[in-house]
Amino acid sequence: MSDGNEQGGRPDTVAPAIELRGISKAFGPVQANKDIAIRVMPGTIHGIIGENGAGKSTLMSILYGFYKADRGEIFISGKKTEIPDSQAAIAAGIGMVFQHFKLVENFSVLENVVLGAEDGARLKPSLAKARLLLTDLAKEYELNVKPDALIEDLSVGYQQRVEILKALYRKADILILDEPTGVLTPSEADHLFRILKGLRDEGKTIILITHKLREIMDVTDTVSVMRRGEMTATVKTAETSPEELAELMVGRKVLLRVDKKPATPYASVLEVENLRVVDENGVERLKGIDLQVRGGEILGIAGVAGNGQSELLHVLGGYMNGTGNIRVNGNEIDLTGKHSDGQSRRERGIAHVPEDRHREGLILDFFAWENMIFGYHQAPEYQKSRWFMDNNAIKQATAEKMERFDVRPPITGLTAKNFSGGNQQKIVLAREIERDPELLLVGQPTRGVDIGAIEFIHQQIVALRDKGKAILLVSVELDEIMSLADRIAVMFDGQIMGERLPSETDERELGMLMAGITDTGRADTASSTGAQRVDNPGIGV
Amino acid sequence: MDFLTLLQILDTTVRLATPLLFACLAGLYSERAGIFDIGLEGKMLAAAFFSAAIASVSGSVWIGLLAGIGASLALSIVHGLASITFRGNQLISGVAINFLASGLTVLIAQDWFQQGGRTPSLGSEARFNEIELPFVDAFANIPWFGLIYSELISGHSILVYVALLAVPLTWYILFRTRFGLRLRAVGENPAAVDTAGISVIWLRYLAVAICGILCGLAGAYLATSLQAGFVREMSSGRGFIALAALIFAKWRPWYALFSCLLFGFFQALSFRPDVVKAVTQVEIPGQLLDALPYILTVVILAGFVGKAIPPRAGGEPYVKER
């Protein structure tokens, strides 16, 4: 409905909503932005794509007054504008939705919307005004949020709407969204895009920063590509392809599909029967899971986050108790008691790349070489004597692993937090894969990882599979599951809704299973209700 | 125990709760803005000394009060510099202020007055005197209420009434004004305030300054109203008790009033062991009674009173992220 509204139909006399000329910004020796020029026409959705660290966020921070550019000029609607701070950006009609929301968690939606844009010293009139406006916006753009709900009670999708409402309340004409879909489910993301298109059709200008090619292709009118601080290209979305954009981003040809041979599964390695988990609040998180992973195959677990995938990984990884039967290579695994912990799991040949590498996979303040041995620190080759560890041997082994896994920079003495997301993940992956496990549990292997590293990580997982090992992959990225898994199991509400082969299914069918709908016979009618079920977690006007 | 005794104990409760209440509200403003302040004690002590010293020299309690507030405010600014501008550790800064105040007050007192680290006893013009509210005589004949009015409600120093009025005022500021909204926001998520185009630093300094003024009132009350002059360490841990009361009150003004009154009540009990004995029929050692408020403090700080969630950004210096 909205795709007809492209800037091609507009006269050239219209001044761009935003024009940047020669913007440069350095942090010490690092040139974050180099001579950036960009024109964004009003009433368009403009994508900015680039890998992590390409300078996208810096550029937007300059536009929002967080940083001052070393050089360069900013024009808003044809008028040269100085933006020394956020206040000036807001005054210039720029609104920003940050990747990590800037909301006060225990404030109501209204209070968050009003904060900083109050009309007077007393709150009441401002809150009343905001309440009216929210009702209007909710009708106009499908932006329903309960005005009195506390932020902490809202799902991330709704929290994001509050951020958009904040910008609109401040009369923003230009809306910048930084990686908005990173935390959203597919249907929440679709809803967001509908909102954005609606805003665009009302004449708002939207800048969408992302590293996901599919979103760029789906929703933008024009797209700019950034690489190493420079703007390498600006093209019309309709005239480009994901492959071309990926190449512009990375600077070389990138395989968007995983290059792998068909699986040749051997005997069953992991057998799970009737696995149940009850969490500390008494809620049943896993409701009788049955599954099997054979050597030489990747079983992908698809599902919307929070449907029991994390609990499945935690139980299998040994840091959550459960009931049922788990066998690895025919040996029964304890699910409770003192033999149910990470160490005994590792002794049984189960390695685990956790979903949250910052909290479970690494200690960010520790060195790379220390992180490289966690869980395996009692291995004999790391011991000098009964009491002392052999740090030199550990560093030596770490350096070798870092080289094999292309961790950059290959410095063993760097703390984990100083590596990029992709390189942190490579450290975790190197630690787990190099121990040659029988079964590898992998959660969200490429979350927050840039395209170049994704390719490498996928290759490593496939290589382990080809050595005949079993791999259980959990990911909320359906693309990743579709391209990497040899078999797909879909989880919903703590249960396996069904198993499919990637070659015999599509995203629509999986999407329905993810929403808990198993009746594949009525795919067309079921799909709309499926979308609603996920989309409607019970909060609305 | 007769009704009059009860009223007397409650009257003492109010008197002893007043410095706690000032300090507790002081901490409330500061901590609600995300600046933890364990230097309440030190600020109170400095204010107590300077208010007594200047009141003694000038002969005016009001000039003394201003001096006390000024001293407390100065220490607040030091705390602000350390924890807001230089992003230092707020606990360490607070501890330093406590030590500084503890040593400096005695040192200066000795230098100025040569009375072993105390100020001269203050005469009545250099003190806040008890004020008789109107209508005491008119109400005298009303049963119960007349007695309550004359014994409990009337006859406190002006600062007691100021402290009690500060409670609804704080509530109104915090929950009904723009400033309050921003103050609470900056203690929960300063990034939200920053991106809304408001200065985090300015807001936090403002909160710390309000904290300083209230601590100044608390200290001045100690030295020029509750007692007549400064003696060494006269705050005797009230700053810490106020912190415990603040946690007990879950950082809310009305709860703060009640928790301060509770602590005040325990302190008042230690003045009347005879009553405690009469009521409980047990001989409780005086030392134990004296220690009661402190024991309660430890119990509360150890987290035995339900879940108290402090402001989420509390104790964390704000650093603008990329």
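The discussion below takes up strand pairing and then the nonpolar cores.

Mentor: This is a predicted model, in which local features need pLDDT of at least 70 and side-chain atom pairs count only at pLDDT 80 or more, whereas totals for chains, interfaces and linings use all residues. Residues are numbered from 1 along each chain as its sequence is written, chains are lettered from A and ligands numbered from 1 in the order in which they are written, and side-chain values use heavy atoms, with hydrogens and water left out.

Trainee: What makes β11(A) and β12(A) a pair of strands?

Mentor: Strands are DSSP runs (E, at least two residues), numbered from the N terminus, and two of them pair if DSSP finds at least two bridges between them. Strand β11 (residues 268-278) and strand β12 (residues 284-294) of chain A have 8 bridges, in the antiparallel sense, and therefore count as paired. Arg276(A) stands opposite Lys287(A) in β12(A). The two strands form a hairpin with 5 residues between them, and Gly282(A) in the turn has a positive phi of about 85 degrees.

Trainee: Which strand do 5 bridges join to β11(A)?

Mentor: That is β14 (residues 323-328) of chain A, running antiparallel to β11(A). Leu270(A) has Val328(A) as its bridge partner in β14(A).

Trainee: Why is a set of residues called a nonpolar core?

Mentor: The name applies because its members are buried Ala, Val, Leu, Ile, Met, Phe, Trp, Tyr and Cys residues joined through side-chain atoms within 4.5 Å; buried means under 20% relative accessible area (1.4 Å probe, protein chains only). The largest such core has 122 residues, with Val109(A) and Ile164(A) among those having the most contacts inside it. Helix α10 (residues 200-226) of chain B gives the most to this core, with 12 residues.

Notes
Buried < 20%, exposed > 50% of the residue type's maximum accessible area, 1.4 Å probe, protein only. Helix = DSSP H or I, 4+ residues; strand = E, 2+ residues; numbered from the N terminus.
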